[in-house]
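Student: Can we walk through this one together? I'd like to know what stands behind each label we put on it.

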Amino acid sequence: MIAGAVSDAIEVVNPSTGEVIGHAAEASSHVVDHAVRAASRAGRDWATTAVAERAEYLTKWGEKLAAEADALVDLTVDELGLPPAVARNTQVNRAIDSLKHLPEMAETILGQQREVGNSLVVREPAGVVAAITAWNFPLNMLVSKLASAVIMGNTVVVKPSEIKPLAAWRAVELLAELEFPRGVVNVVGGRGPTVGAALVDQTAVDVISFTGSRDVGKAIVAVSSRTLTRCVLELGGKNAAVILPSADLDEALPAVIASCFFNNGQVCGAQTRLVVERSRLAEVEERIASIVGAVVTGPARASGITLGPVVSAAQHRRVSEFIAYGEQSGLRVVAGGSGRPAGVPDAGFFVRPTVFSEVPPDHRLANEEIFGPVLVIQVCDGVEEMIELANATRYGLTASVWAGDVDEAIRVARRIQAGQVVVNGGPFNLHAPIGGFKESGIGREHGLEGLAELSEVKSIHRPLTQNTK
Ligand code: NAD
């Protein structure tokens with residue numbers, strides 16, 4: 001395994017305090033070449049191992065991660081600014097859980113042999129997977145991309161996010177103790193435009209598995225067109241929560257706010273547009289203002305807080321600019337607004353959780369991913385218009401539908417252009433496929449469909465009669 005650190009160039013900042021708490025490794029392009037060559041060389045042997053043998057490594061990794069859970073939670077609290085309970089449940093435990101079921105799903109996909117006339121159709125490992133992760137779930141993206149690639153018999157080169165790398169690199173150190181065969185897993189640290197760009201531009205890479213922003217996803221597709229490398233892209237979203245006329249607002253509204261502010265408002269699948277009928281607007285606004293008014297913003301380690309800071313100075317600038325733009329363009333503020341929340345320390349990257357109402361479909365705030373605790377309310381007349389409004393975006397990652405009964409919600413969910421739709425508050429399922437319609441991505445991750453992306457299909461045509469040579 002190549003850790004790939006040639007310098008400690010990138011500062012990692014605690015968003016609750018503004019203090020530098022570590023550094024991220026920056027590899028050279030030479031190290032990237034070396035890692036991809038090593039992965040390529042190791043591929044032939046690794047592809048012939050049994051799923052059960054590969055699974056043993058991952059089981060041991062899961063045990064090591066579980067044994068270090070407290071330390072990983074601490075790193076996550078400090079680098080991401082999440083309250084400890086949130087860091088444990090949604091970051092660290094989810095990383096460990098993502099290892100479960102992988103062996104049985106890999107057996108299912110790789111065991112999918114089919115007879116078609118004289119042909120045998122089989123699935124095989126794809127080869128070398130280049131995996132690149134985003135900063136908002138840095139530990140579990142590293143664990144799940146790496147584990148999914150190797151359980152399918154691929155070798156892998158991972159570039160973790162350079163913005164929030166501390167827990168991810170600790171997981172890599174634990175992985176190094178497992179002594180995978182040389183070249184099977186490789187991790188290279190560094191910035192996107194240098195190390196990430198060098199990694200996706202390698203001829204020997206067979207699949208690029210990328211999670212990040214839409215713009216970088218498009219840049220990667222442009223580079224990959226040179227070698228026609230398959231890309232699996234998990235990108236952004238501008239996701240609608242559709243509150244049908246029959247929905248129970250007591251259930252729906254707190255859940256929509258929880259989704260919008262989850263991970264301090266920095267989730268690709270967050271519900272950031274609330275779509276409601278005009279006749280219920282006043283009631284919805286009043287209730288939303290009261291729910292958001294009860295949110296307590298502060299440093300991750302302060303007691304009683306329900307919302308931490310956004311992740312960096314750059315993200316703070318970006319979210320603040322969106323809020324200011326919303327105000328300047330005349331949008332009605334239902335909660336929050338510009339400025340700092342009361343009582344937070346000066347040095348942290350805090351914004352006021354903010355809700356704008358009656359945001360027109362062509363407004364920037366109804367179309368652009370903000371990646372902060374900002375909700376827009378959009379009004380319409382009738383269910384058909386609600387569905388149209390939910391779909392009126394270039395993105396198509398997630399949505400939620402709220403109705404008086406689940407069947408009604410599912411009927412509407414089937415008409416929403418999104419890769420995942422939550423109905424009446426159904427919980428996230430880590431083992432079902434995730435991915436986007438439209439500009440939210442290409443392909444799927446997780447579940448059987450996600451693992452299938454990391455394999456190739458081969459048709460073997462037998463002679464028509466047994467004695468034909
Ligand atoms: P980003 O696109 O800035 O960076 C993502 C990763 O790509 C980082 O590791 C970065 O170093 C690397 N990168 C940057 N430029 C590159 C280049 N030219 N070539 C190769 N790699 C490059 O995204 P981010 O700011 O880390 O994360 C936030 C974004 O990720 C949001 O848009 C969010 O919606 C999206 N996201 C999507 C999902 C999903 O499952 N769909 C999940 C989480 C985050």
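Student: What makes the sheet of 6 strands an open one with edges, and what is its order?

Tutor: The order is S7-S6-S5-S8-S9-S17, with mixed pairing. Its edge strands are S7 (185–187) and S17 (441–442), and each pairs on one side only. Strands pair if DSSP finds at least two bridges between them; strands themselves are DSSP runs (E, at least two residues) and helices are runs of H or I, at least four residues, numbered from the N terminus. Before we go on: this is a predicted model, where local features need pLDDT of at least 70 and side-chain atom pairs count only at pLDDT 80 or more, while totals for chains, interfaces and linings use all residues. Residues are numbered from 1 along each chain as its sequence is written, and side-chain values use heavy atoms, with hydrogens and water left out.

Student: How do you know that S6 pairs with S7?

Tutor: S6 (residues 155–159) is joined to S7 by 3 bridges, and the cut-off is at least two, so they count as a pair. The two run parallel, and Val-158 stands opposite Val-187 in S7. Helix H1 (residues 29–47) lies across S5 (128–132), S6 and S7, at about 150° to S6.

Student: Why is S10 described as largely enclosed?

Tutor: Because 5 of the 5 residues of S10 (residues 239–243) are buried. Buried means under 20% relative accessible area, exposed over 50%, partly exposed in between (1.4 Å probe, protein chains only). Asn-239, Ala-241 and Ile-243 point one way, Ala-240 and Val-242 the other, and all are buried. S10 also pairs with S11 (residues 271–277), in the parallel sense over 5 bridges, and Ala-240 has Arg-273 as its bridge partner there.

Student: Why is Phe-322 called buried, and why is Ala-258 called partly exposed?

Tutor: Phe-322 comes out at 5% relative accessibility, so it counts as buried. This residue is in helix H12 (residues 313–328). Leaving aside neighbours within four places in sequence, Phe-322 is in contact (heavy atoms within 4.5 Å) with Arg-364, Leu-365, Glu-368, Glu-369 and Ile-370. Ala-258, in helix H10, has 49%, so that one counts as partly exposed.

Student: What makes the packing of H6 and H7 right-handed, and what is the angle?

Tutor: The angle is about 35°, with the axes 7 Å apart. Axes are lines fitted to C-alpha atoms, for helices over the stretch in contact, and angles run from 0 to 180 degrees between N-to-C directions. A crossing is right-handed if the near helix is turned clockwise from the far one by less than a right angle, and left-handed if anticlockwise; this crossing is right-handed. The contact is made by Pro-138, Leu-139, Leu-142 and Leu-146 of H6 and Ala-167, Ala-168, Ala-171, Val-172 and Leu-175 of H7.

Student: What makes a set of residues a nonpolar core, and which members touch the most others?

Tutor: A core is a set of buried Ala, Val, Leu, Ile, Met, Phe, Trp, Tyr and Cys residues joined through side-chain atoms within 4.5 Å. The largest has 60 residues, and Trp-61, Leu-65, Ile-151, Val-156, Phe-180 and Leu-451 touch the most other members. H6 gives the most to this core, with 8 residues. A second, separate core has 24 residues, including Leu-253 and Ile-377.
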